[in-house]
Amino acid sequence: MLAYSTYSEAGGVGKTTTAANLAVAHARAGLKPLVVPLDPQDGDLSRLFGVDHERTESVDNIVRHMIRRPKGEFDDLVRTVEGVDIVPEHNMLSDLAEYLQREKDQAEAMGEAFGMHAQLLRVLREAGVPETYDVLICDPPATEGPHLYNAINATRSLVIPVEPSAKGRAAVEGLESLVVGLENQLEVEVGVLAAIPMGFKNTRDQRAVLNEIDYPIPEIVGERASMMEGCWMQQCSAFEYVREHRDRRRDYEVETLAQFDRLARHLESEVGLEAPNPPEPGDVDHEVMTV
């Protein structure tokens, strides 16, 4: 199974839209992806895909499973949009650290072990996710804490959207230190599958920033603010937005879709995963094959 978390220390770089569009790109190729977003803020992946309508209600959710208080089966949490299975975020994520600490204290009082940063991994394994799905994508918030630590422990790999600026360079440098710290703290190896520059305008300064990034850069995505804003407005991926909501096909937007297709193939190849029905990159009308 291909597993990765999309992460960037810098906010507003397109982390969530990158996760969503890569998930759809995997699904378009006939693979079965599961996305587990962990961001407690409203502008999250569940909102992007329009599956967050129960986030304030007293319903079963991923946090209850992580603290061993589920109300139902894991499979009942899953919603499917554009061929992608999603575990919707819930407002309980805002207090995840407190819930985990409370459970840890109770477990230790009973002489039991409880790894605060291993609970998402436990939940996914117990639900048979590695056997059921081809791809796992976690989308944690851009801040250190149990959301991020659980995501990285569950996936062990990162895909990093990067702002090609001095701010983005500083974020990448900070990420290197973070990865080392996580490896030591969690006692796992964390790999970086790709860095994805977003909003590239091909200036001299931006080219200089990219030359200093040590991670693989399979694609460089240009400025696509209008298309991505349209995705949020229509609550869909860029693939569906261009296909269903644009009055005409713009070549540069179709090329961006092709980049997400190629990025998905690159990530799949990193773990030897072969998609059964890969589209021609950017083929907007290629249908998702039901797995």
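Mentor: Just after helix α4, G111 takes a positive phi of about 80°. The model is predicted, with local features needing pLDDT of at least 70 and side-chain atom pairs counting only at pLDDT 80 or more, whereas totals for chains, interfaces and linings use all residues. Residues are numbered from 1 along each chain as its sequence is written, and side-chain values use heavy atoms, leaving out hydrogens and water.

Helix α4 itself comprises 14 residues, 96-109; helices are DSSP runs of H or I with at least four residues, strands are runs of E with at least two, and both are numbered from the N terminus.

Within α4, the buried residues are L96, L100, E103 and A107 (under 20% relative accessible area, 1.4 Å probe, protein chains only). Because these residues cover an arc of only 65° around the axis, they fall on the same side of α4; the arc is taken over directions from the helix axis to the C-beta atoms. The packing partners of the buried residues of α4 are α3 (62-66), α5 (119-126) and α7 (146-155), where contact means heavy atoms within 4.5 Å.

As for the setting, the chain holds 12 helices and 7 strands. Of its 291 residues, 55% are buried. Among contacts between residues at least 6 apart in sequence, 74% join residues at least 24 apart. The C-alpha trace spans about 60 × 40 × 35 Å along its principal axes.

Notes:
Expected span 1.5 Å × (residues − 1). Buried < 20%, exposed > 50% of the residue type's maximum accessible area, 1.4 Å probe, protein only.
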